[in-house]
Amino acid sequence: MLEFELMTFVLHQSTETQPEIVETIQGEGVHTGVPSFFIRLQGCSVHCFFCDEKETWINRENNSIEAETDEIIDQLEIMNSLLKRVVITGGEPTEQPVAKLIKALQAKSYEVAIETAGTGEYTQEILDNEDLFVTFSPKEIYSKSSSIQDQRIWSRADELKFVIANQEAEQYLLQQVLPKLKAANNSCPIFLVPDWYNQETTKGQVLVLCKQYPGHFRMGFQLHKQLGVY
Ligand code: SF4
């Protein structure tokens, strides 16, 4: 008997027949350098201007492939049965019933992390799942179409990753992000990540913020991009 519910998910398609499931290293945050599978779910309504995964925006039309929970897990085991860490990313993973996928992976002893912009609905299954690592990357400031509906994400986040892509981002960080985390009594690490495509300016902004507010922020970087791996 299966230990988890069978369910179909829409994944980003990496080749004509294969869903995007990649074995690589975690490139950001507190788990930087840790070998991990990345499962990229299709669909994101946030539409940040700096997004380097724009092909995940269109759901169920182009570039997507359906896979059942057991097919996803089989694929992981074929790729590397020794690796037991999975990062679910997107797109925006919470635009699909991702709690079921998390539960299925955990039932098979995978350590699971999720990367979210906080725009989805956070089911109790996600909020109460203490074994799940949540990377929250608020993007409202960069999105005309999405906002954070479920404020519980501010207390659930295990780390916060905030992309600095323009001057307005600083205001949002200081006037929204910090007060909301404080109100949620969450002292998780906050990584400030310079927008990769505008590093000349954004790297300097991040350095200044880290120096001006010691104890609040860490400089974030994207090791996978710097190394040129997935
Ligand atoms: S939330 Fe992530 S996937 Fe969605 S548009 Fe922004 S950067 Fe791209």
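Let's start with strand 3, which is mostly covered: 5 of its 6 residues are buried. Here, buried means that 20 or more other C-beta atoms lie within 10 Å of a residue's own, exposed means 12 or fewer, and partly exposed is anything in between, with C-beta atoms placed from the backbone. Strands are DSSP runs of E of at least two residues, helices are runs of H or I of at least four, and both are numbered from the N terminus.

A word on what you're looking at: this is a predicted model, so local features need pLDDT of at least 70 and side-chain atom pairs count only at pLDDT 80 or more, while totals for chains, interfaces and linings use all residues. Residues are numbered from 1 along each chain as its sequence is written.

Now for the neighbours of strand 3. Strand 3 (residues 35–40) pairs with strand 2 in the antiparallel sense over 5 bridges; two strands pair if DSSP finds at least two bridges between them. Along that pairing, Val22 sits opposite Phe38 and Thr24 sits opposite Ser36. With strand 5, strand 3 runs parallel, joined by 4 bridges, and there Arg40 stands across from Thr89.

Step back and you'll see an open sheet of 8 strands in the order 2-3-5-6-7-8-9-10, with mixed pairing. Strand 2 (21–25) and strand 10 (218–219) are at the edges with a single partner strand each, so one side of each has no neighbour in the sheet.

Helix 2 (residues 98–107) packs on this sheet, touching strand 5 (85–89) and strand 6 (111–116), and its direction makes about 160° with that of strand 6. For that angle, axes are lines fitted to C-alpha atoms, for helices over the stretch in contact, and angles run from 0 to 180 degrees between N-to-C directions. Which residues of helix 2 are buried? They are Val98, Ala99, Leu101, Ile102, Ala104 and Leu105. These pack against strand 1 (8–12), helix 1 (69–79), strand 5, strand 6 and helix 3 (124–127), where a contact means C-beta atoms, placed from the backbone, within 7 Å.

Gly91 lies in the loop between strand 5 and helix 2, and the peptide bond from Gly90 to Gly91 is cis, with omega near 10°. In the loop between helix 2 and strand 6 you'll find Ser109, a residue other than glycine with a positive phi, near 70°. Ser109 is exposed, with 7 other C-beta atoms within 10 Å. Asn185, in the loop between helix 5 (167–183) and strand 9 (190–194), also isn't a glycine, yet has a positive phi of about 60°. Asn185 counts as exposed, with 8 C-beta neighbours inside 10 Å.

Gly90 and Gly91 turn up again around the ligand, in a shell that also has Cys44, Val46, His47, Cys48, Cys51, Glu53, Thr56, Glu92, Ala117 and Lys139; a residue is near the ligand if its C-beta atom, placed from the backbone, lies within 6 Å of it. The shell divides into 5 nonpolar, 4 polar and 3 charged residues. Nonpolar covers Ala, Val, Leu, Ile, Met, Phe, Trp, Tyr, Cys and Pro, charged covers Asp, Glu, Lys and Arg, and the others, Gly among them, are polar.

Finally, the whole chain: there are 7 helices and 10 strands. Of the 230 residues, 39% count as buried. Among contacts between residues at least 6 apart in sequence, 74% join residues at least 24 apart.

Terms used. Two residues are in contact if their C-beta atoms, placed from the backbone, lie within 7 Å.
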